[in-house]
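Reader: I am new to protein structures. Can you take me through this one, term by term?
Author: Gladly. Ask about each word as we reach it.

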Amino acid sequence: MERPEVTFTLAYVVFVVCFVFTPNEFRSAGVTVQNLLSGWLGSEDLSFIHYQIKRTSATVLVHSILPLGYYIGMCFAAPDKNLYFVHIASEGWKLFFAAAVALPVLSSILVFYWSCNKWGNHPIARTLADHALPQSGWRAVASSINTEFRRIDKFATGPPGARVVVTDTWVIKVLTYRVHVAQQQDIHLTVTASKQHELSPDSNTPVQFLTISVASVNPRVQPFDIRLNSTEYGELREKLHAPIRNAANVVIHQSLSDLFLETFKSHVEMNTRYSLPRGQELEMCIGCMQVMANMKLVKVCQDASEGECQQCYCRPMWCLTCMGKWFASRQDQQHPETWLSSRVPCPTCRAKFCILDICVIH
């Protein structure tokens, strides 16, 4: 391919990926299905279920025309291929054009089928029907969810493509093309995994994400996973009626200080080790009195006469956990992104040190 084709192809691939998975930049610019079709979709707060039915249907239709958009764009990017006239284009482009046209046609037929019986054939409607009482239908369940969603005390978290909503009666996971629904009284919740990142792209602070499995005793309800920040775990538990089991024995950090402590330890482990002089014995940590002191402050970040850090002459008296808690307690709580690069005084002699000066004893 020549340069115009390559440039257009790469640009279109990036656009499609961003349009489908919607990063914050696209969401802020309003380049989303929800924003482009907001007039037809209506208000999510007034009618949550019907909004999701329309949104998922519109998403299927809009995403299905993206390949056709690429073909039309290539007509301008590569005029020498004669893509304007499909009958004289190469066999490969004929097949691509046929698929690009068939996809929105099939999607339109599918959405039309969903809309029959007043959207009663839609997958969301069938999902709700699994929770309906024998004498009622999916619309009664939808009305209950709509009512509870309008309340201000609901729990909601996550990006639009994987949003989690918990009301007094329902646990809901909103995905791009479908919506999972489970009734609180029927579910078992289990923490199955945890993933920790040293820096969050949104706040430049440590973050831990928990994966919680939601399984219902109703055999017609498919199990699903929800993912949330560990700092929101306490708020989620308050909204749930059922307990959350921790089958994987995951350590859940529910505060910023807990998250920082793990990142603090991982950074210190990479520092220079301190060799204890012969004849010197370690004592219990004076902070917790539960473990032996296992670290020493030694200025290694710069030469002795340079920088703000100072040499500490205290003997080893603290464990790494207590030193991490001291380090976090001396920080500006409003700016956690500066914690790792800051300097604090030694808790005993007040000599300033940074995280590079903390040496684990071996």
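Reader: Which residues have the most contacts inside the largest nonpolar core?
Author: This is a predicted model. Phe-264, Leu-297, Met-323 and Ile-358 have the most contacts inside that core, which has 25 residues.

Reader: What makes it a nonpolar core?
Author: Two conditions. Its members are buried residues of kinds such as Phe, Leu, Met and Ile, and they are joined through side-chain atoms within 4.5 Å. Buried means under 20% relative accessible area. The set of 25 residues meets these conditions, so the name applies.

Reader: Which elements give two or more residues to this core?
Author: They are helix H11 (256-268), strand S9 (295-297), helix H12 (320-329) and strand S12 (358-360). H12 gives the most, with six residues.

Reader: What does Phe-264 touch?
Author: Leaving out residues up to four places away in sequence, Phe-264 touches Leu-320, Met-323, Gly-324, Phe-327, Ile-355 and Ile-358.

Reader: Which residues does the second core include?
Author: Val-111, Leu-128, Val-165 and Trp-170 are among its 22 residues. This core is separate.

Reader: How many cavities of 30 Å³ or more does a search of the whole structure find?
Author: One. The largest cavity holds about 60 Å³ of space.

Reader: Why is it called a cavity?
Author: Because a 1.4 Å probe fits inside but cannot get out.

Reader: How do the residues of its lining divide?
Author: Nine are nonpolar, none polar and two charged. Lys and Arg count as charged, so Lys-296 and Arg-315 are the charged pair in the lining. S9 gives the largest share of the lining, three residues.

Definitions and conventions. Residues are numbered from 1 along each chain as its sequence is written. This is a predicted model: local features need pLDDT of at least 70, side-chain atom pairs count only at pLDDT 80 or more; totals for chains, interfaces and linings use all residues. Side-chain values use heavy atoms; hydrogens and water are left out. Buried means under 20% relative accessible area, exposed over 50%, partly exposed in between (1.4 Å probe, protein chains only). Helices (H or I, at least four residues) and strands (E, at least two) are DSSP runs, numbered from the N terminus. Contact means heavy atoms within 4.5 Å. On a 1 Å grid over the protein atoms alone, a cavity is a set of points where a 1.4 Å probe fits but cannot get out, and a pocket is an open set with protein on both sides within 12 Å along at least five of seven lines; lining residues have an atom within 4 Å of a point. Grid points are joined across faces, edges and corners, and a volume is the space filled by probe spheres set on the points.
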